[in-house]
Amino acid sequence: MLINTKSQHPTKRLENDMGKLDGKVAIVTGASRGIGAAIAECFAAEGAKVIATARTVQEGTHPLPGSLEMTIKNIRDAGGEATAVAGNVSEYEECAGIVQSCIDTYGQPDVLVNNAALTYFIPVKDFPVRRWLRSTAVNFHGPFYMSQLCLNEGGMIERSSGAIVNVSSAAAIGPGRGPYEGDGGGGTLYGAEKAALERFTQGLASEVHQHGISVTCYSPSQIVPTPGVVHHRLMEGRDPNDSESVEIMAQAALLLATEPLDKVSGRVTYSQEILKEFGWDMGGKEPAGTGVTSPGSGYSQI
């Protein structure tokens with residue numbers, strides 16, 4: 001469903017001050033809060049016309065803070081161009097509607113960021129089947145639906161151009177072999193979904209490389225204190241200095257969406273690792289965390 005919040009504000013960038021995404025159209029899923037909202041705002045600041053999509057349209061209609069209307073307001077206030085499209089990426093028909101809304105509003109997408117996620121931390125023995133299927137539909141089926149639609153109806157293959165960026169998690173690394181302590185934290189499904197997303201990334205990258213389309217995947221190097229992370233109490237007992245901002249995640253997404261195909265396609269990487277490798281600014285933060293001071297997943301090594 002198209003939400004009529006299209007920005008009418010002129011960009012604040014000077015005409016000769018080119019952004020990395022000037023003239024491009026981007027779709028960002030899960031853009032109502034956290035990492036997705038930061039990516040949408042970053043892309044708009046770099047000149048993209050952004051379709052921000054999520055299920056939460058209005059502030060106060062979800063237990064967590066954040067909404068599409070807030071993301072769009074932030075983009076508009078900064079002089080960017082964006083349109084909110086309500087959609088549930090677990091449903092193919094709604095994904096088709098998101099891509100069609102993009103085409104009708106701005107034209108065919110040049111960049112897709114698969115960021116939407118639905119997480120439950122429940123041990124397998126207790127996991128309700130409906131929640132298991134719901135989570136899998138968002139975290140794994142959704143990126144497939146959105147990617148296929150952008151490749152075909154979205155015209156990426158026809159135009160021999162495009163970038164797909166998938167957002168993973170350090171949970172994909174897994175606990176390794178035993179012996180084990182504790183109950184594992186209930187993250188088995190989420191980790192399995194993200195590991196599958198990383199394999200999907202490299203497989204799709206190999207399929208569409210011939211069409212000039214980049215497909216990449218990245219995770220935070222350090223925990224990001226988003227509303228969802230705070231809700232699940234994942235910051236408890238952690239040193240706040242061992243975290244990273246949503247802005248660092250947004251910069252890493254921008255890098256993967258704009259660097260040349262042969263430099264990044266097929267990469268499974270981490271935010272601070274890839275920013276450090278390419279020499280991009282991290283606001284003075286010293287690179288650390290997964291991919292920098294500790295190894296990543298098996299797919300990140302391939």
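1. Have a look at Phe43 first. Bearing in mind that this is a predicted model, and skipping neighbours within four places in sequence, Phe43 is in contact with Leu21, Ala26, Val28, Ala48, Val50, Val111, Val113, Ala250, Ala253, Leu254 and Ala257.

2. Phe43 turns up again in the largest nonpolar core, a set of 44 residues, where Phe43, Ile39 and Tyr218 touch the most other members. Which helix gives the most to this core? That's α8, residues 246-258, with 10 residues.

3. On to the open space. The largest pocket holds about 1400 Å³, and 48 residues line it. If you want to centre a view there, Thr119, Tyr190, Thr226, Gly228 and Val229 are the lining residues closest to the pocket centre.

4. Where does that lining come from? At least two residues each are supplied by α1 (34-45), β3 (49-54), α6 (188-208) and α7 (227-231), and α7 has the largest share, with 4 residues. Sorted by class, the lining of this pocket comes out as 22 polar, 21 nonpolar and 5 charged residues.

5. The second largest pocket has a volume of about 490 Å³. It is lined by 20 residues, and Pro175, Gly184, Gly185, Gly187 and Thr188 are the closest to its centre.

Definitions and conventions
Residues are numbered from 1 along each chain as its sequence is written. This is a predicted model: local features need pLDDT of at least 70, side-chain atom pairs count only at pLDDT 80 or more; totals for chains, interfaces and linings use all residues. Side-chain values use heavy atoms; hydrogens and water are left out. A nonpolar core is a set of buried Ala, Val, Leu, Ile, Met, Phe, Trp, Tyr and Cys residues joined through side-chain atoms within 4.5 Å. Buried means under 20% relative accessible area, exposed over 50%, partly exposed in between (1.4 Å probe, protein chains only). Contact means heavy atoms within 4.5 Å. On a 1 Å grid over the protein atoms alone, a cavity is a set of points where a 1.4 Å probe fits but cannot get out, and a pocket is an open set with protein on both sides within 12 Å along at least five of seven lines; lining residues have an atom within 4 Å of a point. Grid points are joined across faces, edges and corners, and a volume is the space filled by probe spheres set on the points. Ala, Val, Leu, Ile, Met, Phe, Trp, Tyr, Cys and Pro count as nonpolar, Asp, Glu, Lys and Arg as charged, and the others, Gly among them, as polar.
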